[in-house]
Amino acid sequence: MFGLDDKIAAFSDGTTLLVVAGVAILLGLRHASDPDHLAAVTTLIASGKERAARGATRLGFAWGLGHATSLFVFGLPVVLYSAYLPGPLQSAAETSVGFVIVLLAALLLIRWRRGVYHAAGHSHRQTRNGWQAFGIGLVHGMGGTAGVGLLLLATIRSHALAVVALALFALCTAVSMALLSTGWGVALETRTLQRSFHRVAPALGVASLGFGVWYALGAQGLVPYAF
């Protein structure tokens, strides 16, 4: 992932608004595909009571807005003054990301164990609260303040351009998460997956649970950890 970000950033000379904007947009769209983001949003949507495309889009965008908010707030000192969160606080934020993924995976497994997903083709119309998704996004945004995207934006010499680039980067991450969530929601709406989701859910839950535990341990330096 980092290599791709480097190649995208190489197109920018850090001075031209149009080029900087284009690079920031591409980085934002790419940033949404980070494994921790995909794990969180996929499990968030799958564990909800409504897995329709419209509900998935709403949750994905709410998550993305939360992420964009904290990414922008905590990213400003990074791109303007190269001032990063203290190491222990950054580690705590990354650990929290892992815990959130574990929690979502546990909720998915609990719902599966209770038989929520066994009714083939059954439509659940009560969706997860968008504020919950927004809050999860806030946590992820804090964890992302050490991300390579911000490191690359911090090389822009003009402070004004750096702020514009950061805003576009954060916003495009939200838009990209909404698009990815919509795709996942569309897949979950298909008749085949609706009928078999009770078999897919435990595998998805266990995989996300394992990833969340590994991510949290990695943030504490207890296991190898790199993207």
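1. The model under review is predicted.

2. Of the 227 residues in the protein chain, 48% count as buried. Among contacts in the chain with a separation of 6 or more, 81% are accounted for by residues 24 or more positions apart.

3. Helix α3 (residues 35-46) packs with helix α8 (residues 159-189) at an angle of about 45°, and their axes are 10 Å apart. The crossing of α3 past α8 is right-handed.

4. On the α3 side of this packing, H37, L38, V41, T42, I45 and A46 take part, meeting M177, L180, S181, W184 and L188 of α8. Classified by residue type, the contact comprises eight nonpolar, three polar and no charged residues.

5. The largest nonpolar core has 27 residues, of which L44, W63, L108 and F197 touch the most other members. Two or more residues each are given to this core by α3, α4 (53-81), α5 (87-113), α6 (130-143), α8 and α9 (191-219).

6. With neighbours within four places in sequence left aside, W63 contacts H37, A40, V41, L44, A133, F134, I136, G137, H140 and M177. A second, separate core of 19 residues has L27, L71, A162 and A165 among its members.

Technical notes:
Residues are numbered from 1 along each chain as its sequence is written. This is a predicted model: local features need pLDDT of at least 70, side-chain atom pairs count only at pLDDT 80 or more; totals for chains, interfaces and linings use all residues. Side-chain values use heavy atoms; hydrogens and water are left out. Axes are lines fitted to C-alpha atoms, for helices over the stretch in contact, and angles run from 0 to 180 degrees between N-to-C directions. Helices (H or I, at least four residues) and strands (E, at least two) are DSSP runs, numbered from the N terminus. A crossing is left-handed if the near helix is turned anticlockwise from the far one by less than a right angle, and right-handed if clockwise. Contact means heavy atoms within 4.5 Å. Ala, Val, Leu, Ile, Met, Phe, Trp, Tyr, Cys and Pro count as nonpolar, Asp, Glu, Lys and Arg as charged, and the others, Gly among them, as polar. A nonpolar core is a set of buried Ala, Val, Leu, Ile, Met, Phe, Trp, Tyr and Cys residues joined through side-chain atoms within 4.5 Å. Buried means under 20% relative accessible area, exposed over 50%, partly exposed in between (1.4 Å probe, protein chains only).
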